[in-house]
Amino acid sequence: MQDPTTDEAIFPFDNSYALLPERFFARLPPTPVSEPSLIRLNESLALVLGLNPERLSAPEGIEVLAGNRVPQGAEPLAMAYAGFQFGSWVPQLGDGRAILLGELIDCEGVRRDVQLKGSGRTPFSRGGDGRAAVGPVLREYIISEAMAALGIPTTRSLAAVATGERIRRETDLPGAVLTRVAQSHIRVGTFQFFAGRRDEAGIRVLADHVIARHYPEASDSDNPILALLGAVIERQAELVARWQLVGFIHGVMNTDNMSIAGETIDYGPCAFMDSYHPDTVYSSIDHRGRYAYGNQPSIAQWNLAGLANALLPLIADDQDTAVELATEMIQSFRTRFEHYYRTGLQPKLGLAEARDGDRELAQDLLKRMAENGADFTLTFRRLSDLVDESLRNDERVSGLFEDPAAFDEWAIRWRRRLGIERRPAAELQRDMRSVNPAFIPRNHRVEEAIKAAVERSDLEPFEQLIEVLATPYEDQPPHEDYAEPPRPDQIVRETFCGT
Ligand code: AMP
Ligand code: MG
């Protein structure tokens, strides 16, 4: 049903994907739910998008966010895509439980998709019910908003709505719909969908759309398609470096979960590491550790090679030349990643200039952290406070190490290196704090918030957690306990995608 009640649209849609050829998607509206109620509206995001929070949280707005009413200007559709899941080719995936309502231009001039996730079955649902449970919806809400507050490119969460319906998983669970906002929902797997069908015209149309929408500078290149590939590689190299620097583990880096725009997308069994170890895996379905923390850069490169492969026919007429150009481009991922990782790690250690030996110094700290089960986030955060020598509080950091001497030995060399730069302690501390967050969405806190919401309909822990995570780089004395790692009995060892 179109919205006839007011002149002004609740979403000022300006759609471009819906203008692409019909084989790119299936047109259908979301499936209504029985009793929608608002769990949370992200008011500050609504304002950035130029939307009216009051209207969105009024009954009419909630109906839209639940998928019960198709708002004016929407052209609802489910996008087609394919993908490599855990290395295996799946020629058709697509939005099996999501509907793109439309696109709008936000207050900063950026085009953004508005999508409902958990909005019912589509032609791409295969055996699924098209629905999402409250737990995973709140998880995505919390973690995506935490990522945004950390300054890491990500899809955003505009709203979570309870459906009033139960869905069948291992047990019966309450259902919910998430309104997700992204620069676009185009994935590496979207290109692979057309490549898998040898639909060169489709790849061309998609590439032109992506260049115009996300990488306009590529159109000035002699070889725009190769420039597009390079630009996507660049954004992913930076994105994955940013993940590594905060200890984020995506968990399901399938090519259908890798955004062409370089945003973190599809929060499933993702998690932030507590104690540091490169082999860390949380996902219950990642038995071999394919998507372990330390593998994320290589997997990103592997996924991008998949994108390159899909683009090959357009890179050059002669396929040997195309392969040569694409291979060289894919190989550049490592250097680009290393650049972002290194230049991100330097300031975490308080180093303004790059010098010989810095890399070894950083690697040595990480090695000692891994050997001693040191908490990733707190080690760096508290390191920021050691630069004020008058406080003499080294044990705040060394106490995070099983063998405190492992840190103390390293700290001698670190201080010697810091001394070369002679930066005033206050300035150094301020700069280090601005890159070493105090607050990350720790698994035990996320689980606690979800449990309270699902089992006791208590949204207080969820609201509180969101508030704390909104300013991750600032000390929040009343909420210091949110910075703490889990006690042994609170450790969450496994996370689930909950689909
Ligand atoms: P994900 O694991 O969420 O990245 O999803 C992988 C694929 O499975 C995508 O094509 C999803 O649309 C589809 N999918 C996931 N959960 C459901 C569900 N409950 N119903 C229908 N399709 C689903
Ligand atoms: Mg996905």
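Three residue pairs are in polar contact between domain 2 and domain 3, counting pairs with both residues at pLDDT 80 or more. This is a predicted model. The protein chain is assigned domain 1 (17-185), domain 2 (189-347) and domain 3 (356-433).

**Domain 2 against domain 3: extent**
- The C-alpha centres of domain 2 and domain 3 are 32 Å apart.
- Domain 2 brings 16 residues to the contact, and domain 3 brings 14 residues.
- About 1,000 Å² is buried between domain 2 and domain 3. Carbon and sulfur atoms give 58% of that area.
- On the domain 2 side, Tyr-276, Leu-345 and Gln-346 supply 46% of the area buried against domain 3. No other three residues of domain 2 supply more.

**Domain 2 against domain 3: polar links**
- The count of salt bridges between domain 2 and domain 3 is 1.
- Glu-338 and Arg-359 form a salt bridge through their side chains, at 3.6 Å from N to O.
- Polar contacts between domain 2 and domain 3 come to 3 residue pairs.

**The domain 2 face**
- Helix H7 (224-246) and helix H9 (319-348) are the elements that give two or more residues to the side of domain 2 touching domain 3.
- H9 gives the most to this side, with 5 residues.

**Around ligand 1**
- There are 17 residues around ligand 1. Gly-94, Gly-96, Arg-126, Gly-130 and Asn-257 come nearest.
- Gly-130 places a polar backbone atom 2.8 Å from a nitrogen atom of ligand 1.
- Arg-97 has a polar side-chain atom 3.2 Å from a nitrogen atom of ligand 1.
- Asp-266 has a side-chain N or O atom 3.4 Å from an oxygen atom of ligand 1.

Key
Residues numbered from 1 in each chain as written. Chains lettered and ligands numbered in written order. Predicted model: local features only at pLDDT ≥ 70, side-chain atom pairs only at ≥ 80, totals over all residues. Heavy atoms only, no water. Domains from an automatic or database assignment. Contact = heavy atoms within 4.5 Å. Buried area = accessible area lost by both parts, 1.4 Å probe. Salt bridge = Lys/Arg side-chain N within 4 Å of Asp/Glu carboxyl O. Polar contact = N/O pair within 3.5 Å; in protein donor to acceptor, adjacent residues only side chain to side chain. Helix = DSSP H or I, 4+ residues; strand = E, 2+ residues; numbered from the N terminus. Near = heavy atom within 4 Å.
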